[in-house]
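I'll jot down each thing as I look it up.

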Amino acid sequence: MPDSNQDDFLSKYTTPGEPQDKHQEAEPDEVVQGCLTVLPASIAMMLDIRLRTGNRIAIPYGYILKVLLDPSKSIEIQTSDQAYLIAGRNLMPIYSAVTNHTALAVAEAPTQFDAGENEPFVESISVKADEA
């Protein structure tokens with residue numbers, strides 16, 4: 001004879017209806033802070049690098065080996081075969097979001113004009129292949 005507790009447990013996962021997990025109901029809200037887009041209540045699967053030209057590069061977080069910060073000028077994101085150099089100002093929020101896997105996208109500013117606001121400003125993003 002089947003155990004009623006087991007039936008309740010199975011029906012919880014096999015019965016169609018409302019999602020059991022609230023994270024399944026909707027995508028988390030994106031927050032834009034200057035050149036940075038973050039998912040404050042979630043973890044991003046990939047980091048979307050958005051170049052001024054319209055080209056984009058998506059890097060899986062699992063491929064990132066190291067992130068280096070020089071607060072006065074740049075962040076370097078290293079993967080096994082490439083390095084991504086993000087140059088700009090007020091880069092600490094970008095560094096924190098990347099190292100916490102909450103950065104969804106980092107975008108070059110549409111122009112190289114810096115309005116001097118307190119938000120992150122990305123002057124340029126360059127990609128260099130690993131020479132090894």
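This is a predicted model: local features need pLDDT of at least 70, side-chain atom pairs count only at pLDDT 80 or more; totals for chains, interfaces and linings use all residues.

The largest nonpolar core has 27 residues, and Leu 47, Ile 77, Ile 94, Val 98 and Val 106 touch the most other members.

**Leu 47.** Next I asked myself: what is Leu 47 in contact with, leaving aside neighbours within four places in sequence? I found Ile 57, Ala 58, Ile 59, Tyr 61, Ile 77, Val 98, Ala 103, Leu 104, Ala 105 and Val 106. Among these partners, Ile 77, Val 98 and Val 106 are also on the list of core residues touching the most other members.

**Loop between α2 and β8.** I looked at two residues here. His 101 sits in this loop and has a phi near 60 degrees, a positive value although the residue is not glycine. I noted it since most residues other than glycine have a negative phi. His 101 is partly exposed, at 31% relative accessible area.

Thr 102 is in the loop between α2 and β8 too. Is Thr 102 buried or exposed? I get a relative accessible area of 17%, which is under the 20% cut-off, so Thr 102 counts as buried. Not counting residues up to four places away in sequence, Thr 102 touches Thr 37, Val 38, Leu 39, Ser 42, Tyr 61 and Ala 97.

**Asn 90.** I found another positive phi at Asn 90, near 55 degrees. Asn 90 lies in the loop between β7 and α2 and is partly exposed, with a relative accessible area of 28%.

**Val 32.** I moved on to strand β1 (residues 31–33), where Val 32 lies. Val 32 has 57% relative accessibility, and over 50% means exposed, so I put it down as exposed. Val 32 and Ala 105 are 73 residues apart in sequence, yet their C-alpha atoms are 9.1 Å apart in space.

**Confidence.** The protein chain averages a pLDDT of 82, and 77% of the residues score at least 70. Confidence is highest in β6, at 98, and lowest in helix α1 (residues 4–14), at a mean of 57. Over residues 17–27 the pLDDT is below 50, and this stretch has 3 contacts in the model beyond near neighbours in sequence.

Notes:
Residues are numbered from 1 along each chain as its sequence is written. Side-chain values use heavy atoms; hydrogens and water are left out. Helices (H or I, at least four residues) and strands (E, at least two) are DSSP runs, numbered from the N terminus. Buried means under 20% relative accessible area, exposed over 50%, partly exposed in between (1.4 Å probe, protein chains only). A nonpolar core is a set of buried Ala, Val, Leu, Ile, Met, Phe, Trp, Tyr and Cys residues joined through side-chain atoms within 4.5 Å. Contact means heavy atoms within 4.5 Å. pLDDT is the predictor's confidence in each residue, from 0 to 100.
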